[in-house]
Amino acid sequence: MKRFMCSVISIVGSLVVSSAVATAQAPTLTKIDPTGRTDLTSKSVVVTLTGSGFTDGATIGFDPAGVLTASGWKQTGGVSATVTFTIADPNTTVPSVDVWVQTTNGPSAKLPFSTGVLTNICLEALQTGGCQL
């Protein structure tokens, strides 16, 4: 959280100085749509993020790191953004990743995003029908 100090000076026979502190808020992330990858034949999905405090220079964070990448960030009015999530490792077994938006004012809260990986079903069978169980 950043704090900004501003001073107001009024001169009417004497000098009066008053101060106010304004606090810049971290972004909020309230929705990811879709909430996960549903087309298992594609490594990428375009998502819409909804919240507030989005900026052009914002980045996306993932936990655990290294499972997804983000590209093509485009925010609109500070309250909506589109971005492409891509599976970084096609052999991942991580079923869900926490996502957040990071700006210079701090990180948003995290929301889950499903990678589409089902740990108890052979992913290859879903993609090609050729997996031996």
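Which residue in β7 is the bridge partner of A70? In this predicted model, where local features need pLDDT of at least 70, side-chain atom pairs count only at pLDDT 80 or more, and totals for chains, interfaces and linings use all residues, the partner of A70 is F85. Residues are numbered from 1 along each chain as its sequence is written, and side-chain values use heavy atoms, with hydrogens and water left out.

Helices (H or I, at least four residues) and strands (E, at least two) are DSSP runs, numbered from the N terminus; two strands pair if DSSP finds at least two bridges between them. On these terms, strand β7 (residues 80-87) pairs with strand β4 (residues 44-52) in the antiparallel sense, over seven bridges. Within that pairing, V46 has T84 of β7 as its bridge partner. Strand β6 (residues 68-76) also runs antiparallel to β7, again with seven bridges. Three residues lie between the strands in the hairpin of β6 and β7, where G77 adopts a positive phi near 65°.

Turning to side chains, a search of the whole structure returns one salt bridge (a side-chain nitrogen of Lys or Arg within 4 Å of a carboxyl oxygen of Asp or Glu). It joins K110 and D63, at 3.6 Å from N to O. The pair links distant parts of the chain, 47 residues apart: K110 sits in the loop between β9 (106-107) and β10 (111-114), and D63 in strand β5 (residues 59-63).
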